[in-house]
Amino acid sequence: MTASRTRNETGAPPSPADPAARPWHELRLTPQEAAEAAALAVRCVQEYEDVESPEFLAEATVISHELPKRLRTFIATSRLDERAHALVLRGNAVDDALLGPTPAHWRNAVTSGSLPFSFLLALYASLLGDVFGWATQQDGRVVTDVLPIQGGEHSLVSSSSRQELGWHTEDAFSPHRADYVGLFSLRNPDRVATTLAGVPLDDLDDRTVDLLLQDRFLIRPDDSHLPVNNSTAQEGTREFEEIMKAVDRPAPVPILTGHRAAPWLRIDGDFSAPADGDEEAAAALKTLSELIDAGLYEVALDAGDVAFIDNRRAVHGRRSFQPRYDGRDRWLKRINVTRDLHRSREVRAAGHSRVLGQR
Ligand SMILES: [Fe+2]
């Protein structure tokens with residue numbers, strides 16, 4: 001793969017059909033490898049029952065080293081390529097009949113048919129780092145669900161459908177956001193595309209890069225962290241205090257950080273703004289946003305495909321689609337991964353806790 005460019009010679013977004021131009025790493029499991037991985041996940045279901053079990057999460061990294069060696073080697077080497085937008089594992093075995101229907105809501109999405117895939121996603125993720133969740137998102141689960149919810153077709157969160165999910169880095173507002181966002185596609189009959197784009201560095205002038213590296217931008221939490229999108233949460237409780245503070249009084253941050261020649265990115269197209277009255281920052285943000293729009297490309301995750309999106313190198317989103325609400329809808333399991341859980345200690349109750357904001 002050649003991940004040094006986000007666009008090809010014609011200036012168009014890279015085509016997933018052209019392997020040489022793909023800005024992501026990809027491995028297709030053999031049927032034997034997929035069967036071995038699935039068997040390991042089933043053993044975990046039998047031993048731990050609940051993917052949120054602290055015992056499982058504590059041991060997941062060690063268990064993940066029982067996954068096929070070619071797969072482990074792929075992840076261990078790919079994670080060091082700072083140019084790649086994502087790591088994609090294709091060819092996991094998903095028996096559509098055994099999976100059962102797509103639930104109508106994430107609250108009802110912890111199903112026996114999907115449980116092995118939740119474990120498998122956590123095992124793959126544990127080859128990249130430490131998995132975690134947010135107290136303010138889907139009731140604090142570590143493994144969350146992406147599926148269309150009736151009534152939310154035009155919302156700004158992942159349960160939307162008819163409205164395109166705009167590009168963003170995951171939880172861009174937070175210093176504790178994930179290094180990778182893992183998505184395990186369980187069902188995607190209409191091949192609804194995930195969208196991706198990297199930092200369009202080749203097309204940014206030096207002055208714009210200078211501005212994007214400065215603390216001149218406000219990034220607010222997306223709506224998935226609001227109490228209205230959680231079932232047990234009450235507005236005003238401690239978990240939500242930090243979120244509401246970030247909504248009301250966000251501190252100015254840079255959009256780009258790290259090495260100037262290979263910068264990291266934090267941005268959310270729907271929730272980012274220049275600091276008040278800062279016209280230079282506004283112009284830089286507009287330039288960057290237009291270039292991301294132009295460079296956005298599509299990757300369809302079919303049933304059995306897993307993507308770990310590099311949340312510091314790439315934005316992601318999802319094209320609009322017509323929901324079915326008949327049990328056949330697109331359904332993905334999602335997980336957050338940090339390279340080092342200790343970095344978020346100030347917002348976790350204990351060193352081993354996996355839930356941010358639960359103090
Ligand atoms: Fe996202």
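What follows is a set of questions and answers on terms applied to a predicted model.

User: What should I know about the model and its numbering?
Analyst: This is a predicted model: local features need pLDDT of at least 70, side-chain atom pairs count only at pLDDT 80 or more, and totals for chains, interfaces and linings use all residues. Residues are numbered from 1 along each chain as its sequence is written, and side-chain values use heavy atoms, with hydrogens and water left out.

User: What makes His168, Glu170 and His316 donors of the iron ion?
Analyst: Donors are N, O and S atoms within 2.8 Å of the metal (3.2 Å for Na, K and Ca). His168 (NE2), Glu170 (OE) and His316 (NE2) lie 2.0 to 2.2 Å from the iron ion, so they count as its protein donors. Water is not among the atoms, so the site may look incomplete.

User: How are the donor residues spaced in sequence, and which parts does the histidine pair tie together?
Analyst: The spacing is H-x1-E-x145-H. Histidine 168 lies in strand β5 (residues 165-168) and histidine 316 in strand β14 (residues 314-318), so the pair ties together parts 148 residues apart in sequence. Strands here are DSSP runs (E, at least two residues), and helices are runs of H or I of at least four, numbered from the N terminus.

User: Why is histidine 168 called buried?
Analyst: Buried means under 20% relative accessible area, exposed over 50%, and partly exposed in between (1.4 Å probe, protein chains only). Histidine 168 has 9% relative accessibility, so it counts as buried. Histidine 316, at 7%, is buried too.

User: Why is histidine 65 called partly exposed?
Analyst: Its relative accessible area is 47%, so histidine 65 falls in the partly exposed class. Histidine 65 lies in the loop between α2 and α3 (69-78). Beyond residues up to four places away in sequence, histidine 65 touches Arg72 and Leu127. Contact means heavy atoms within 4.5 Å.

User: What makes valine 88 buried, and what does it touch?
Analyst: Valine 88 has a relative accessible area of 2%, so it is buried. Valine 88 sits in strand β2 (residues 86-90). Not counting residues up to four places away in sequence, valine 88 touches Trp24, His25, Glu26, Leu27, Phe74, Val306 and Ala307.

User: Is aspartate 305 buried or exposed, and where is it?
Analyst: Aspartate 305 counts as buried, because its relative accessibility is 3%. Its place is in the loop between β12 (297-300) and β13 (306-310). Among the residues it touches are Leu89, Arg90 and Phe184.

User: Why is α1 called roughly antiparallel to α2?
Analyst: Angles under 35 degrees count as roughly parallel, over 145 as roughly antiparallel, 65 to 115 as roughly perpendicular and the rest as oblique. The axes of α1 (residues 31-48) and α2 (residues 54-63) come within 12 Å and cross at roughly 155 degrees. That makes α1 roughly antiparallel to α2. The contact involves Leu40, Cys44 and Tyr48 of α1 with Glu55, Phe56, Glu59 and Ile63 of α2.

User: How do you know that α1 is roughly perpendicular to α5?
Analyst: The axes of α1 and α5 (residues 115-126) come within 8 Å and cross at roughly 110 degrees. That makes α1 roughly perpendicular to α5. Axes are lines fitted to C-alpha atoms, for helices over the stretch in contact, with angles from 0 to 180 degrees between N-to-C directions.

User: What classes do the residues of the contact of α1 with α5 divide into?
Analyst: There are 12 nonpolar, no polar and no charged residues. Ala, Val, Leu, Ile, Met, Phe, Trp, Tyr, Cys and Pro count as nonpolar, Asp, Glu, Lys and Arg as charged, and the others, Gly among them, as polar. Ala37 and Leu40 are among the α1 residues there, and Leu115 and Phe119 among those of α5.
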